Number of protein chains: 2
Amino acid sequence: MPPRHPPSNARPGRSRDERKSRTRRALLDAALEQMRGEHGFSDLSLREVAKSAGVVPAAFYRHFPSMEALGMVLVDESFATLRQTMRNLRTTRLPTKHVVRKSVETFLGYVQEHELHFRFIAKERYGGSTPIRMAIRQEVRLFTSELATDLARTPGTGKVSSGDLRLIAGLIVQTVSLATELVLDTDPGDLDAITQIVDDTDRQLRIVLAGASVWKSEGE
Amino acid sequence: MPPRHPPSNARPGRSRDERKSRTRRALLDAALEQMRGEHGFSDLSLREVAKSAGVVPAAFYRHFPSMEALGMVLVDESFATLRQTMRNLRTTRLPTKHVVRKSVETFLGYVQEHELHFRFIAKERYGGSTPIRMAIRQEVRLFTSELATDLARTPGTGKVSSGDLRLIAGLIVQTVSLATELVLDTDPGDLDAITQIVDDTDRQLRIVLAGASVWKSEGE
DNA sequence: TCCATTTGTCAACACCTGTTTACTAAACTT
DNA sequence: AAGTTTAGTAAACAGGTGTTGACAAATGGA
């Protein structure tokens, strides 16, 4: 009798580990790609992700136990690129004159480079499933703390308590978050719109910093 | 032969219009209710919403042409309660001493009262389908403008351009939005946690307002 | 060289999805 | 009192969903 299964298995790429991590990446990328448009993470279907990664649905389980597990990996990945972004931003020496504007410009540039990761975070930050949302919130908290200690090192923050520094850092994070979401909803070719966003965010941050500089903790 | 359809149609409530708007409400409420937990709007299924409203799936179409149409109604409803909330807040005369804190307290109180509407907006603001997201963004813009003209009427904002007033209003909206989302993720019985949120938000807003008061437009 | 491991395929499963059709009975209209 | 409108039902449809189990073939190690 003829073999019940016709000759299967894709072309024989290099080593086994490499092939495995290749399709794993393909699955992750397929998921990110499908979230480019309307879909949130919970709208994705395992079958479509698998198909778009060039693999049969059942193969998905060789890499992730469930869709949500894949989601958690995306959280980690996305915040890894965010941290890398911040590290780059910190090591780049900027003119002290327009620090704020240049920082915003640079940061939003990174956002456009790593569009899909930032888009993922933006979409799942409030809308996602509880475990994913909590993971994101935790990362944002951490990130805010780091920013607060950065602020503590900058001159003129002597009179501000560390608690208030955290609140100020929160304001900054929040402001930049909105800018990020606006950028993600803007055609990258529309330079005027991007400039407008940078401009507005720069001004908002300077207003916040102005407030911080006249703020004296505790004393009302 | 026996009738192919057993005696149908629910108990004979009042007038026809009233019965109609009753089930219409039931559908809207069912949708909101199902979004209490994990689900975003796009996770809802017409069938489940109908069932939970005590009606057969096909009956849904007597009230809305599609799920998305129902979603748009929810946007309208939700912002109607937001506007009502702001109207109440404006007409309530508050002690000039702790205006900010009292406003925050009151607003977040309304958020808890109309939990489901605010939860809907929070979830769909960034995650939702494009038409819904755009509708929400438009409403937030409008809302920010109103706040900006409010600010223009308060003393000490003489030197600030109307464009910058809008940016300041944006900061305030953004800050209160985050507070709203935190409240929605907090057990309403946990008074300490709520107080903490009110406290932090109050301080953040006062920092922003301090920044605004020393801000002079145009001149760097 | 032979055997074990592993990454993938195929096929079937039980179920849930939105939508359409034909039908009913209560509520309104005349 | 007779006729029309309408909010609702029941049943079927074509198709998509996650998950499972048995099998294949290439890779890696003995």
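Predicted model: local features only at pLDDT ≥ 70, side-chain atom pairs only at ≥ 80, totals over all residues.
Buried means under 20% relative accessible area, exposed over 50%, and partly exposed in between, with a 1.4 Å probe and protein chains only. As for bookkeeping, residues are numbered from 1 along each chain as its sequence is written, chains are lettered from A and ligands numbered from 1 in the order in which they are written, and side-chain values use heavy atoms, with hydrogens and water left out.

**How the two copies relate**

- Chain B can be laid on chain A with an RMSD of 0.1 Å, using a turn of 180 degrees and a shift of 0.1 Å along the axis; the superposition is by least squares on the C-alpha atoms of residues with pLDDT of at least 70 in both copies.
- The two copies are thus related as by a two-fold rotation axis.
- The same surface serves both copies, as 100% of the contact residues of chain B recur in chain A, where contact means heavy atoms within 4.5 Å.
- Of the residues of chain B, it's Gly211(B) that comes closest to the rotation axis, with its C-alpha at 1.6 Å.

**Chain A as a whole**

- You'll find eight helices and zero strands in chain A, so read from the N terminus on, the elements go α-α-α-α-α-α-α-α; helices (H or I, at least four residues) and strands (E, at least two) are DSSP runs, numbered from the N terminus.
- Chain A has a radius of gyration of 22 Å, whereas a compact globule of 220 residues would come in near 17 Å; the radius is taken over C-alpha atoms, and the globule rule is 2.2 Å times the number of residues to the power 0.38.
- Along the principal axes, the C-alpha atoms of chain A fill a box of roughly 90 × 35 × 30 Å.
- Of the 220 residues in chain A, 44% count as buried.
- Among the contacts in chain A with a separation of 6 or more, 65% come from residues 24 or more positions apart.
- The accessible surface of chain A is about 12300 Å², and 56% of that belongs to carbon and sulfur atoms; the areas come from the Shrake-Rupley method with a 1.4 Å probe, and for residues only the protein chains shown count as cover.

**Spots to look at in chain A**

- Ser161(A) sits in the loop between helix H6 (130–153) and helix H7 (162–184), and its C-alpha is 5.7 Å from that of Ser217(A), 56 residues away in sequence.
- Leu184(A) is in helix H7 and counts as buried because its relative accessibility is 9%.
- Leaving out residues up to four places away in sequence, Leu184(A) touches Val111(A), Glu115(A), Phe118(A), Arg119(A) and Ala122(A).
- Gln34(A) belongs to helix H1 (residues 16–34), and its contacts beyond four places in sequence include His39(A), Glu48(A) and Ser52(A).
- The C-alpha atoms of Gln34(A) and Leu44(A), ten residues apart along the chain, are separated by 7.4 Å.

**Spots to look at in chain B**

- Gln204(B), in helix H8 (residues 191–214), is buried because its relative accessible area is 10%.
- Beyond its neighbours within four places in sequence, Gln204(B) is in contact with Leu167(A), Gly170(A) and Leu171(A) from chain A, plus Thr175(B).
- Thr91(B) is part of helix H3 (residues 67–91) and is exposed, given a relative accessible area of 62%.
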